[in-house]
Amino acid sequence: MVQLNQDFINSIAQDLPDGLSMDDFIAYCDKPLRPSLRVNTLKITSAALAEQLIAKGWQLSAIPWCADGFWFTAPDNVQPGNTVEHLQGLFYIQEASSMMPPTALFAALDQADYVLDMASAPGSKTTQIAALMHNQGVLVANEYSSSRTKILHANIARMGVSNTAMTHFDARVFGEYLYETFDAILLDAPCSGEGTIRKDPLALKDWRQSDIDEIAATQRDLIISAFQALKPGGTLVYSTCTLNKLENHQVCHFLKQTYPHAVEFVSLEHLFDGADKACSDEGFLHIWPQIYDSEGFFVAKLRKTASVERLKPAPKAQRKFPFAQVNAKTFAELQRYVAERLNAELNIDDVWQRDDELWLFPHGIAPLLPLIRFQRIGLKLAELSKHGIKLQQEALSALGAAADAIELDEAQAIEFLMGRDIALTSSAPAQGECLVSYQQVPLGMVKHLGHRLKNQLPRHQVRDKLSSSLGTVGNE
Ligand SMILES: C[S@@+](CC[C@H](N)C(=O)[O-])C[C@H]1O[C@@H](n2cnc3c(N)ncnc32)[C@H](O)[C@@H]1O
């Protein structure tokens, strides 16, 4: 049962738009959310995944503001986050309203080579933005919390994202370090989370006005930093999963008051059919749970119409960068291997080496390297050893199409993801290292020993439990 604090109800009543009722709001706070997912178009089309899931008894219905978003019902015995398809990165379980900010950012955007996601973890919107960028250009994904950077990285790797460079800062630094650098920025700000009450019935139990005042002060700092980091002509989307105006409308007005000649509000009234139902006078979307039967959210789109004065001087250039561009001989060896195994083509400018590791960096990252310290850039493609090149799991996830993989059925795919070897019914000559796939999407590497496939999935990726239409399978 939801626990709403009376101070919260009194305060939020002042921000309720005309035409919406407090009784409806309270009733919706107690209603379970409809589960939703976003198809990862870096790996599969929506039509293909829908066909696959519907054949297994799922039901899907389209979300109006995200071309690849669906509300879904899975069969009773299936845990969607533990299925083979989820582990393959074919979809992300993402709340429907959380899909709106990236849609708003990319609506009518001609070109975005440099994009910043200022507060990224766990990565639902980062991976959505990467898909909207078709894995091209540079996407800087920042997260301040150390523990949350791990889940951010896990999601980036699972979803096969290769154009991302991760940073780990208080996002107040971006205006200083990367002044007027980005074509598009998402500031999905830390907030008081009033919109998440349907997911977490205790979210508002300890609501206090003083907490809102404090977090709004952080949000004002962050939006100034975002605006400093935005190129003139660039687009900024500011979003939160909270409902009060102090953290939403007033943060945007604060930016406009600070830079009256450089901030233009871009109306989201026509973002999708029905967007007008949530649209404020300024063109912001103030999404109350009862409007679209979703979480509460806020989305504002702003354009920077002119350069603004730099607030802090440029810091000293970074030194001691541990990577160098790969040499032609090593690149040729890597390219041959990747072409044979994955049918993929690499660009020598994007491959960097650190000791025995080969990394794929986002194309265009070079000018940013001296400006800011990155925590992780692109993905680790391979390790070099005296036995030759060893492709990494992340590379298999991102580079996709398996040229000559051994196709597994669902039961075998589950065995593989649980770290087990796969017995072969007929004995064939041993073939050494091979790729295995499920529904043509790579799963990982095995050693073909003739009578069985020896599992080579990295230990940290082995799952204890998987769920499918065949039931739940778990290690004892
Ligand atoms: C709303 S969540 C982001 C959700 C994420 N965009 C997604 O869609 O998966 C806000 C994030 O901001 C982070 N954060 C908090 N303070 C921050 C700061 N000063 N700078 C950058 N990030 C911060 C939090 O750790 C949290 O992960």
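UniProt positions are given here in the numbering used for this structure, with feature names shortened, and its annotations may be inferred rather than shown by experiment. Residues are numbered from 1 along each chain as its sequence is written. What you see is a predicted model, in which local features need pLDDT of at least 70, side-chain atom pairs count only at pLDDT 80 or more, and totals for chains, interfaces and linings use all residues.

An unreviewed entry lists residues 25-305 as "domain: SAM-dependent MTase RsmB/NOP-type". Over residues 25-305 the chain is 31% helix and 22% strand; helices (H or I, at least four residues) and strands (E, at least two) are DSSP runs, numbered from the N terminus.

The unreviewed entry also lists Cys241 as "active site". Look for Cys241 in the loop between strand 9 (230-240) and helix 10 (249-258). Is Cys241 buried or exposed? Cys241 counts as buried because 23 other C-beta atoms lie within 10 Å; the cut-off for buried is 20 or more, for exposed 12 or fewer, and partly exposed lies in between, with C-beta atoms placed from the backbone. Leaving out residues up to four places away in sequence, Cys241 touches Cys191, Gly193, Gly195, Thr196, Glu295, Gly296 and Phe297. Contact here requires C-beta atoms, placed from the backbone, within 7 Å.

Now turn to the ligand. Its shell holds 19 residues, and the closest are Ala119, Tyr144, Ala171, Asp188 and Pro190; a residue is near a molecule if its C-beta atom, placed from the backbone, lies within 6 Å of it.

Four strands make an open, antiparallel sheet in the order 2-3-1-4, where pairing requires at least two DSSP bridges between two strands. Strand 2 (59-62) and strand 4 (91-93) are the edges, each pairing on one side only. Strand 1 (residues 36-39) is joined to strand 4 by three bridges, and Leu37 stands opposite Ile93 in strand 4.

Finally, some backbone details. Most residues other than glycine have a negative phi, and most peptide bonds are trans. The bond from Ala121 to Pro122 is cis, with omega near 5 degrees, and Pro122 sits in the loop between strand 5 (114-117) and helix 6 (124-132). Lys320 has a positive phi, near 55 degrees, and lies in the loop between strand 12 (297-304) and strand 13 (324-325). Lys320 is exposed, because 5 other C-beta atoms lie within 10 Å.

Notes
Two residues are in contact if their C-beta atoms, placed from the backbone, lie within 7 Å.
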